[in-house]
Amino acid sequence: MKLTINLNKRFRYTAIVLSSLLIACQPNEIGEGNGIVSTELDAGFTITNANANNTYLLTANNSYLTSSWDLDNGAGFNAGGTEETVFYPDAGIYTVQHKVTGIGGVSQTVTQSINVESSDPVAGNLVRGGKFENESDHAEWTILNISDNGASWNFNESSATITAGGFNQQAIYQTIEVVAGKEYVIDMIVSGESNDETWFEVFVSTVEPVQGNDYVDNVVMGLNTWAGCGTGSFNGSLSSVGCVDNSYTGSRSNIVSFDTSGTIYLVIKSGGNQTSGITISNVEMRGSN
């Protein structure tokens, strides 16, 4: 007996079976992924106090393919592990987010708040209202009128801007309590463009400002278009883009210290012939040791 095998029929049957399997693995609707996804995700986490001031341990409930954290520090989401340690030197309420991603690209995010009741005694920011976020922040600053007119500080949402012309100038200031022999680091974010014949100076001194008088005691840092900075377009920390020497050290530095404890004045002064606008935000003065 002669056996004949119909190969074409076998191939057609195999193709039908494979096609059925592929269809069974597809999602019912377009955009639902590849049919292999995580159905249960848990991005929850616990918050515990670490053994240090204003330091917290964040522990995820489970681990996944990817895990990222937004620690409310301006950096956004960053890849991390199942545990993160975070330090908040300043008092405030911080919103922490944990995002996990499972098989198929499905993700879940859980948000919790951390209430930091007091600033760290060493690294906490001593400047009040340094972020200029609202009227309460704005009220922490006093306007020092040096020129009769022609220069003006304007408080915005999350910043303050100085404009000036005709070589007029104006300052803002506040008092800060310091400890003798302790080093402090001063900095802020500055931005601007198209300024000409302009100066911007930051002072820290025990000398109290007087309305209608210039302030020239103990400059720490600043911008000066004659010295080659503050021109064109700039945006960054004053310690990076500035070009004014610290009168305490005689060199480029944003570190100060004081012989006696007590009240000092942080004064931010600017003016010029054509100061189209210098904007500041995140003004800080922190202990460094």
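Which handedness does the link of cysteine 229 and cysteine 243 have? With -75° about the S-S bond, this link is left-handed. The tour returns to this pair at its last stop.

**Before selecting anything**

The model is predicted: local features require pLDDT of at least 70, side-chain atom pairs count only at pLDDT 80 or more, and totals for chains, interfaces and linings use all residues. Numbering runs from 1 along each chain as its sequence is written, and side-chain values use heavy atoms, with hydrogens and water left out.

**Whole protein**

Colour the protein by pLDDT, the predictor's confidence in each residue on a scale from 0 to 100. The mean is 88, and 86% of the residues reach 70 or more. Next, select residues 1-5, where pLDDT stays under 50. The model has one contact (heavy atoms within 4.5 Å) beyond four places in sequence for this stretch. Residues 13-27 also have pLDDT below 50, with six contacts beyond near neighbours in sequence. Where pLDDT is low, the predicted coordinates should not be read in detail.

Switch to a cartoon view: the protein has three helices and 16 strands. These are DSSP runs numbered from the N terminus, helices being H or I of at least four residues and strands E of at least two. Of the contacts between residues at least 6 apart in sequence, 68% join residues at least 24 apart. A surface view shows an accessible area of about 15,900 Å², 48% of it belonging to carbon and sulfur atoms; the area comes from the Shrake-Rupley method with a 1.4 Å probe, and for residues only the protein chains shown count as cover.

**Three-stranded sheet**

Select β1, β2 and β5, which form an open sheet in the order β1-β2-β5 with antiparallel pairing. Two strands count as paired if DSSP finds at least two bridges between them. β1 (45-49) and β5 (83-87) stand at the edges with a single partner strand each, so one side of each has no neighbour in the sheet. The twist averages 20° from one strand to the next, based on axes fitted as lines to C-alpha atoms, for helices over the stretch in contact, with angles from 0 to 180 degrees between N-to-C directions. Between β2 (residues 55-60) and β5 there are five bridges; display threonine 55 to find phenylalanine 87 of β5 opposite.

**Four-stranded sheet**

Move to the open antiparallel sheet with the order β4-β3-β6-β7. Its edges are β4 (77-79) and β7 (107-116); each has a single partner strand, so one side of each is left without a neighbour in the sheet. Neighbouring strands are turned by 25° against each other on average, direction ignored. Five bridges join β3 (residues 66-70) to β6 (residues 92-101), and tryptophan 69 has histidine 98 in β6 as its bridge partner.

**Hairpin**

Select residues 151-156 (β9) and 159-178 (β10), antiparallel strands joined by six bridges. Serine 152 stands opposite threonine 163 in β10. In the hairpin, two residues lie between the strands, and serine 158 takes a positive phi near 80°.

**Disulfide**

Finally, show cysteine 229 and cysteine 243, whose sulfur atoms are 1.9 Å apart. Taking a disulfide as a pair of cysteine sulfur atoms within 2.5 Å, the count comes to one. Cysteine 229 lies in the loop between β13 (219-224) and β14 (233-237), and cysteine 243 in the loop between α3 (238-241) and β15 (255-256), 14 residues apart. Both cysteine 229 and cysteine 243 are buried, that is, under 20% relative accessible area, with exposed over 50% and partly exposed in between (1.4 Å probe, protein chains only).
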